[in-house]
Amino acid sequence: MEEMHTIQWFPGHMTKTKRKIEAQLKLIDAVAILLDARIPYSSCNPDLRSIINNKPRMVVLNKCDMADAAETKRWIAALRQQGITAVALDCKTGNGLKGFIPAVKTVLADKISAWQAKGMKGRTIKVMVAGIPNVGKSSFINRMAGQSRAKVEDRPGVTRGNQWFTVGKGFDLLDTPGVLWPKFNDPAVGEKLAYIGSVKDDVLDTEHLAGRLLEYLRNNFPQSICERYRLNEEEIRSAQGYTILEQVAKNRGMLMAGGAVNTERAAITVLDEFRSAVLGRITLDKAEECNGFRI
Ligand code: G4P
């Protein structure tokens, strides 16, 4: 996809974030890596693993209300095979949130026993929430903190402005210091991020993006678009994305003055409906295709 190659982030940004995270590592007990359950692989910052080094970690598959439930289960099993504890939840309804603190305690079981042995029974557990923009970090922290959301005042040795939050008795969360950019240099990853809306649309050609998405859905989830937009699977089998988009506009009666189809309106509709799961709960990254994925 042409547009995708032009999206760049400055390595300098990551260097700053890397330094900020490294500076916090000694203050935290574990890292909760937030991933989008629709694209667990593509929403993972590729450098995070080396940045957090050997800190205990776990995965939160967020937005699972919009992902395919069976695929989410396969992701959790695949991560477990790597020895990584993963929980699936969504911050929209709050489903699965209750499993988070117990999961962190499982990951830290040995540490917690060691603290107890030393008489540090009530020691606060401190967890950094790490994830690329838009994955739901603020929503997650807000949900976890609930009504009692409380920003912890600056701690000694911690730079002012750090985002610490108390979310339970003896349990604090730290929001990612800095910005963890996704992996834009892989075009397939960039496209998936754009489909779910993690890349600002104003830097993309909406019709081109919607056309690519329609081709992708036609190839992988044809029923999702055929039902919704009354498309004939046979007819669109080898069609270009733009042709499918024109058909969507026609079937939806999206016409401009003079009768030409309004493909721009159709593009916005297709992207919106995909992003809000109106086209179904669709997971774009399959666990079985991401064998080499390490966290
Ligand atoms: P960030 O801090 O990692 O950048 O993400 P943030 O919490 O701001 O969430 C980004 C968007 O994702 C928000 O939508 C948020 O409501 C939505 N979101 C977060 N978690 C979930 C989830 O589990 N399920 C669903 N369906 N959506 C989720 P937005 O459109 O940017 O804002 P708004 O609609 O909340 O106003």
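Two strands are said to pair if DSSP finds at least two bridges between them. Strands themselves (E, at least two residues) and helices (H or I, at least four) are DSSP runs, numbered from the N terminus. The structure is a predicted model, in which local features need pLDDT of at least 70 and side-chain atom pairs count only at pLDDT 80 or more, while totals for chains, interfaces and linings use all residues. Residues are numbered from 1 along each chain as its sequence is written, and side-chain values use heavy atoms, with hydrogens and water left out.

Strand S6 (residues 164-168) pairs with strand S7 (residues 171-175) in the antiparallel sense, over four bridges. Two residues lie between S6 and S7 in this hairpin, and Gly170 in the turn has a positive phi of about 70 degrees. Gly168 has Phe171 in S7 as its bridge partner.

The turn residue leads on to the pockets. A pocket is an open set of points on a 1 Å grid over the protein atoms alone, with protein on both sides within 12 Å along at least five of seven lines; a cavity is a set where a 1.4 Å probe fits but cannot get out, and lining residues have an atom within 4 Å of a point. Grid points are joined across faces, edges and corners, and a volume is the space filled by probe spheres set on the points. The second largest pocket holds about 230 Å³ of space. Its lining comprises 14 residues, of which Lys105, Lys121, Arg123, Ile125 and Gly170 are the closest to its centre. Helix H5 (100-107) and helix H6 (109-117) each contribute at least two lining residues, and H6 gives the most, with three. By class, the lining of this pocket has six nonpolar, four polar and four charged residues, where Ala, Val, Leu, Ile, Met, Phe, Trp, Tyr, Cys and Pro count as nonpolar, Asp, Glu, Lys and Arg as charged, and the others, Gly among them, as polar.

The charged contacts come next. Ten salt bridges are present, each a side-chain nitrogen of Lys or Arg within 4 Å of a carboxyl oxygen of Asp or Glu. Arg228 forms one with Glu273, their closest N and O atoms being 2.9 Å apart. Because Arg228 lies in helix H10 (residues 222-229) and Glu273 in helix H13 (residues 263-275), the pair ties together parts that are 45 residues apart in sequence. Glu273 is buried, at 11% relative accessibility, whereas Arg228 is partly exposed at 37%; buried means under 20% relative accessible area, exposed over 50%, and partly exposed in between (1.4 Å probe, protein chains only).

Glu273 also forms a salt bridge with Arg252, with closest N and O atoms 3.5 Å apart. Arg252 sits in the loop between helix H12 (241-251) and H13, 21 residues from Glu273, and is partly exposed, with a relative accessible area of 30%. Elsewhere, Glu234 and Arg237 form a salt bridge at 3.1 Å between the closest N and O atoms; Glu234 is exposed at 53%. A network of salt bridges links Asp29, Lys111 and Arg123.
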